[in-house]
Amino acid sequence: MKTTSRFAAAVAAIPLAALALTACSSGAPAASEGAGGLTTLKVATIGLTSDGALLTGIEQGFFEEEGLELETSIVANPPAGLAAVQSGQVDIAYSPSIPLLNALSQGVPVKVIGAADGYPDGAASSDDPAALDDTGLFAAAGSGVTEVADLAGKTIAVPARKAQLEVVIAGELEKAGIDPASGVNWVVLDFTSAVAALKNGTVDAAGLVSPFTTEAGAEGATQISAPSVGFFEEGATGLWTVGASTLEQKADAIAGFQRALAKTNAYATEHPEEAIQAGLDYTGSTLTLDEVKVPVWPAEVKPEDLERPNEKMVELGFLAKPVDLDGVIVAG
């Protein structure tokens, strides 16, 4: 089974309620000039293999052509990136759609300016969704669980409550006719402990990200669902975001970023090995090219890419009401 780090442990383990954006300032700093008179934009990532597209775009000179110099940094998790982009400490930050929707529900003034990664069109209806998904719901050997419907009354391990993995697994439970709130027992275990718990049978199932998915399979656990593909279905799921004040004060630079990003994602799609290797080098990953599922770098963020998880989070009880998405996506 191939592995990838697009949904790193840091992403999967972030509780929705932990999005405490305690920014000390809501204003964007004035644009600064880098070498050769280029405008510097500070970009926060969370250290994913798919970041290789952005790095390759920088190397190819797409951003320099727009008069931009990107200064990249890795933050601990999406809430940290959203806090930094809201405060103006960085100009642009990566965020998966679930933490973004939660931030928007709290009134955080953040906009989406481009796609960072996602799933191909029709991913959920593919013959093998697991081949496209870097998360997995695994059942313990001897648990008697062979499909999601068997999880009624069973114990499921997740790295944190109300976080991304619980949300996407809840979607799978609901489709199988199980109430995610009362029909299963959720327990919190880090990924290493979850793999051990699957092995010794103290949990019936666990939500995992790679490379722990590979470890679980090696220990005899069986993958019964590709929950992220099942939840998002297709399209952009990782997004480049910008604070509303930064968008207003640095409109020309952000527009230049969007034009360069379009070239960047197209180049990465045509040269995936180059982009993946750049991402592996950037994150210090020990994975090799043949162990990585090829990321998808969408050309755009479509309205349904946010509308779909927005509606599902309300249906599953993770949002009290739909987020107002009017004007959130800023076309390039």
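Reader: Which residues line the largest cavity in this structure?

Author: Happy to walk you through that one. Rolling a probe the size of a water molecule over the atoms shows where empty space is left. In this predicted model, the lining of the largest cavity consists of Ser 50, Asp 51, Ala 53, Leu 54, Ala 116, Trp 240, Leu 261, Thr 264 and Asn 265. By class, five of these lining residues are nonpolar, three are polar and one is charged.

Reader: What volume does the largest cavity have, and how many cavities of 30 Å³ or more does a search of the whole structure find?

Author: The volume of the largest cavity is about 50 Å³. Searching the whole structure turns up two cavities of 30 Å³ or more.

Reader: Which helix gives the most to the lining of the largest cavity?

Author: That is α10, with three residues. Both α2 and α10 (251-270) supply at least two lining residues each.

Reader: Let's stay with α2, then. How do I read its packing with α11?

Author: Two packed helices are described by the angle between their axes and the distance between the axes. Here, α2 (residues 52-59) meets α11 (residues 272-283) at an angle of about 105°, and their axes lie 7 Å apart. Angles of 65 to 115 degrees count as roughly perpendicular, so α2 is roughly perpendicular to α11.

Reader: Which residues make the contact?

Author: From α2 come Gly 52, Ala 53, Leu 55 and Thr 56, while α11 brings Glu 274, Ala 275, Ala 278, Gly 279 and Tyr 282. The residues of this contact of α2 with α11 comprise five nonpolar, three polar and one charged. Ala 53, one of the α2 residues in the contact, also lines the largest cavity.

Terms used
Residues numbered from 1 in each chain as written. Predicted model: local features only at pLDDT ≥ 70, side-chain atom pairs only at ≥ 80, totals over all residues. Heavy atoms only, no water. Axes fitted to C-alpha atoms, helices over the stretch in contact; angles between N-to-C directions. Helix = DSSP H or I, 4+ residues; strand = E, 2+ residues; numbered from the N terminus. Parallel < 35°, antiparallel > 145°, perpendicular 65-115°, else oblique. Contact = heavy atoms within 4.5 Å. Nonpolar A, V, L, I, M, F, W, Y, C, P; charged D, E, K, R; others polar. 1 Å grid on protein atoms, 1.4 Å probe; cavity = no way out; pocket = protein on both sides within 12 Å on 5 of 7 lines; lining within 4 Å. Points joined across faces, edges and corners; volume = space filled by probe spheres on them.
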